[in-house]
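This report describes the architecture of a two-chain model and the packing between its parts. The sequence and structure are shown first.

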Amino acid sequence: MNQRSFKVVHTPEGRANLHIWRTGQSYARQKSAVYLKEWTNLYFSVLPQPPAEPVYYCDVRKGLPFLDGTFDAVFALHIIEHLTPDEGKSFATEIYRILKPGGQVRISTPDMENICREYILQLETCLADPSPRNIMKYDWIMLELLDQWVRDKAGGLMSETVKNGYFDYAYAKYRYGDVFDEFYQPSSESPAPTPQKSLGQRILSVHPRKLYRFIRNKIIAPFRNNRERKLQSLLGDPRRSLEINKWFYDRLSLKLLLEATGFKNYSIKSYKDSDIPHWERYNLDRSNHGDHAIEPSLYVEAKKIISSALFT
Amino acid sequence: MEITKTFDGRCNLHVWREGEEYFRQKSSVFLKEWTNVMFCVIPTPTIQGVYSRDIAKPLEFPDATFDAVNTYHVFEHLTPQEGRNFTAEIFRVLKPGGIFRISVPDLEHICRQYLNYLERSLQDPSIQNIQIYQWTVMEMVDQAVREKSGGLMLETIASGQYDKEYINQRYSDVFKPFLESLHRSDEKEEQPLIQRNFIQRICSLTPGKLSRGVLHRGKKLCRRISSGKKEDKVFSPRETKEAVRWMYDRLSLRLLVEKAGFVKYAQMTYKDSSIPNWGRYNFDKSNHGDYAIDPSVYVECVKP
């Protein structure tokens, strides 16, 4: 498997850390670039993509392309909820395999317990006082709870709701942190009024360069670039691009999962603390804009401990 | 579609999407006295007195036809938009003053159960608590994400890692036939199969067996060719709409029906209803005792 040739990057202290995520370009913008230089970065993508240093693309459902006992720490950010329970189990086993003895795993995922409690809270608030603002919040938490599992289109009902402006900004920001801004900004720019032109005007105003670009992108490209076309069809279907959530986790189910894999010393962390040495240098879960989480989630850590009896 | 009338001359419509099991749980009175529409996407042979339709499409009834409409576990299989369209359709086919009853799985209850057993398992991680906890997790998500019919729920039941008492109490009647059918298929599989290799199998062939084998395979092949391979196609739960597309509770149902124009929203139990002579049909009550067929949230509203 030629994927095993992925280069392992070391921190200045000589530690090998692996960082896996799938949230797209906006994620890289929210972080300092330090981790790009000092960590090995794996981007979870369903479609095989050429390795682009310093980030490698890989379908984590097919295993992690590293040798046994390679890393001191592995951090999987919002990956596990996009896998089915069985895939999640084998993913945890793969992390266990590539960790050195004593290595640390950190997993962050949306916290279902928190979402459910918030849902019950909003439901009760609405039943007591069904004001439009309360109902708006209730509708939002309903989306948060259900839309990620059932959506048919990329973005789903959530992006439609944001486009329609039917949401409470403060509340959405409280729920999603920085991620919401990234999500919200492009859609606020898009409804720029384009002047309506008749067909005749449109034909007359065609610039040769525009015409060339149109032919290249719309007519030639689909035939020539099979990968691009595949990617386009994939991105449209959240089930195939794995945008959709396949399962959910909370502090208990992650514990059960990690302990069944063999991990020990399970603990729940906040966005800013970690047992990974020099965490404050990378701070992968903290916003660049202030002392808050990029996307409020559940953060857990566990260790691969192999009892010393085995070595003696 | 023909419209059936009750003994006292009322027109009632009943919509559901469960399979055969549903008939066994109910008295057959409703088949004779109600107009019955079964929600299915893949065409199925018509059962006497029941029409099967894809209700994501408009209903084929004229305006103001019915005195009452009962939808049993339908809305959770529609997307929110389809759900709004379907509600508008029901508003259309109801007479003024007509009653609309909905029953769907109760998201609020499922959520509370999940949080409840999460806390219990954190305090006391016994096998029983963890199994119930894992079941509540499944109840929240498995019906929405499953890729095979039955999903992880069926796998869990087949593996036996569940708490019988809890599930009985949650699903009562719906669960029993499901479990029975599973055990029946288990028994079939348990017939001793003697593994033989290829040469042994050839040696044991008699002319009779050989001709039967050839005939059987040939017939199968012919059938497959004539039916255009439809027989072998396994539909995904999303195609058959087995998959849950949205979920409701007492508040979101209220918002849904009031937006469509209904009034006098009220929450009901499985055995009461403002539909006249409800006791005669009792769609939500078990035949075997005084409990709900499938504990759900039941609501009713009226077209003004």
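## Overall composition

What percentage of the 312 residues of chain A count as buried? The share is 34%, where a residue is buried if 20 or more other C-beta atoms lie within 10 Å of its own, exposed if 12 or fewer, and partly exposed in between, with C-beta atoms placed from the backbone. In chain B, 32% of the 304 residues count as buried.

This is a predicted model, in which local features need pLDDT of at least 70, side-chain atom pairs count only at pLDDT 80 or more, and totals for chains, interfaces and linings use all residues. Residues are numbered from 1 along each chain as its sequence is written, and chains are lettered from A and ligands numbered from 1 in the order in which they are written.

Chain A contains 13 helices and seven strands, and chain B contains 12 helices and seven strands. Helices (H or I, at least four residues) and strands (E, at least two) are DSSP runs, numbered from the N terminus. Of the contacts in chain A between residues at least 6 apart in sequence, 72% join residues at least 24 apart; the corresponding figure in chain B is 71%. Two residues are in contact if their C-beta atoms, placed from the backbone, lie within 7 Å.

## Domains

Domain bounds come from an automatic or database domain assignment. For chain A, the assignment gives domain 1 (2–110 + 247–310) and domain 2 (113–189). Their contact draws 12 residues from domain 1 of chain A and seven residues from domain 2 of chain A. On the side of domain 1 of chain A that touches domain 2 of chain A there are four nonpolar, five polar and three charged residues. In this classification Ala, Val, Leu, Ile, Met, Phe, Trp, Tyr, Cys and Pro count as nonpolar, Asp, Glu, Lys and Arg as charged, and the others, Gly among them, as polar.

For chain B, the assignment gives domain 1 (12–105 + 242–302), domain 2 (108–188) and domain 3 (198–226). The centres of domain 1 of chain B and domain 3 of chain B, taken over C-alpha atoms, are 48 Å apart.

## Helix packing within chain B

In chain B, the axes of helix H4 (residues 107–123) and helix H5 (residues 127–145) come within 9 Å and cross at roughly 150°. Axes are lines fitted to C-alpha atoms, for helices over the stretch in contact, and angles run from 0 to 180 degrees between N-to-C directions. H4(B) and H5(B) are therefore roughly antiparallel to each other; angles under 35 degrees count as roughly parallel, over 145 as roughly antiparallel, 65 to 115 as roughly perpendicular and the rest as oblique. The residues of this contact of H4(B) with H5(B) comprise nine nonpolar, four polar and two charged.

The axes of helix H3 (residues 80–93) of chain B and H11(B) come within 9 Å and cross at roughly 50°, which makes H3(B) oblique to H11(B). Gly83(B), Arg84(B), Thr87(B), Ala88(B) and Phe91(B) of H3(B) meet Leu256(B), Val257(B) and Ala260(B) of H11(B). By class, this contact has five nonpolar, two polar and one charged residues.

## The interface between the chains

The contact between the chains takes 22 residues from chain B and 22 residues from chain A. H4, H5 and helix H11 (250–260) of chain B each supply at least two residues of the side that touches chain A, and the largest share, eight residues, comes from H4(B). That side divides into 16 nonpolar, two polar and four charged residues.

The contact of H4(A) with H4(B) contains eight nonpolar, no polar and four charged residues.

## Local features of chain A

In helix H12 (residues 251–261) of chain A, the buried residues include Leu252(A), Leu254(A), Lys255(A) and Leu258(A). The buried residues of H12(A) pack against elements of both chains, including helix H3 (85–98) of chain A and H4 and H5 of chain B. Just after H12(A), Gly262(A) takes a positive phi of about 120°.

Gly165(A) lies in the loop between helix H6 (156–164) and helix H7 (169–176) of chain A. Gly165(A) is exposed, with 9 other C-beta atoms within 10 Å.
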